[in-house]
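Me: I am new to this structure and would like to understand it step by step. Please show it, and then let us begin with a single side chain.

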Amino acid sequence: MDLNGDGRPDLVSGSWPGEIHVFYRKANGTYGPAEKLKDKNGRLIKVGSASAVAVADWDGDGDLDLVIGNIDGAVFLVKNEGDAQKPIFGAPARLKAKSTAVMAEGGDAGPYLADWDGDGKLDLVLGSGSGKVTWYRNIGAGKEPELAEPRPLVLDVGGEFRESAGFDNPKHCGMRSKPAVFDWNGDGKPDLLVGDFSYFEGRQGAQGRHGWVWVYLRKNPAITARADN
């Protein structure tokens with residue numbers, strides 16, 4: 001995404017402490033040092049630890065807004081009150097679906113904004129601490145989004161292992177899922193790419209940690225999956 005409107009794609013990242021970092025791309029193709037994003041009052045944008053951020057024009061006013069998840073599972077909207085060249089971020093507000101605050105199952109909310117159903121409006125695709133991925137359809141009639149109740153996209157999950165064989169060759173997504181939406185196989189339908197976390201604690205102190213990337217291919221109306229490490 002081009003956060004400052006200079007025609008070059010930038011990188012925006014959450015962090016374990018919770019601050020949001022931006023790496024602005026330079027004309028030579030390299031990236032500058034991390035800068036912590038601040039709101040219009042000069043305060044660091046921080047909604048909680050283990051922040052995960054999605055960037056898109058959520059309210060359709062021509063500039064980029066922030067949608068941020070935290071370790072508790074809460075999701076916040078931070079509107080850009082400036083413009084595409086000079087973002088000015090307002091105060092965080094809880095994102096809601098049908099008047100109920102959006103919460104990720106098991107905490108650790110991982111939001112992604114994409115048009116999942118092809119109706120031309122951005123939806124919320126949400127990863128979670130449990131590993132499940134849910135879809136909040138945007139049913140708003142105008143530019144201001146309105147989210148419907150969540151629908152499951154990925155349910156077969158789990159990232160705790162007691163045997164190394166299953167840990168090294170998992171059959172499903174682990175925990176702490178972080179989704180992205182992309183047409184992976186070029187068939188014109190959006191697919192899911194989901195990063196996860198799994199751990200192994202066996203006998204005699206044996207331990208292990210994995211982070212896999214899973215590809216869920218969209219097949220109307222179902223989705224299927226395969227994993228890539």
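Predicted model: local features only at pLDDT ≥ 70, side-chain atom pairs only at ≥ 80, totals over all residues.

Me: Is N80 buried or exposed?

Reply: A residue counts as buried under 20% relative accessible area. N80 has a relative accessibility of 4%, and therefore it counts as buried.

Me: Where does N80 lie, and which residues does N80 touch?

Reply: N80 belongs to the loop between β6 (75-78) and β7 (93-94). Leaving aside residues up to four places away in sequence, its contacts are D61, D63, L64, D65, K86, P87, I88 and F89.

Me: What radius of gyration does the protein chain have, and why does it agree with a compact globule?

Reply: The protein chain has 229 residues, and a compact globule of that length would have a radius of gyration near 17 Å. The value for the chain agrees with this, because it is 18 Å.

Me: How many helices and strands are there in the protein chain, and what share of its residues is buried?

Reply: The protein chain contains one helix and 19 strands. Of its 229 residues, the buried share is 44%.

Me: How far apart do the centres of the positive and negative side chains lie?

Reply: The protein chain carries 28 positive and 33 negative side chains. The separation between the centres of these two sets is 3 Å.

Key
Residues numbered from 1 in each chain as written. Heavy atoms only, no water. Helix = DSSP H or I, 4+ residues; strand = E, 2+ residues; numbered from the N terminus. Rg over C-alpha atoms; globule rule 2.2 N^0.38 Å. Buried < 20%, exposed > 50% of the residue type's maximum accessible area, 1.4 Å probe, protein only. Lys, Arg positive; Asp, Glu negative; His and termini not counted. Charge placed at Lys NZ, Arg CZ, Asp CG, Glu CD. Contact = heavy atoms within 4.5 Å.
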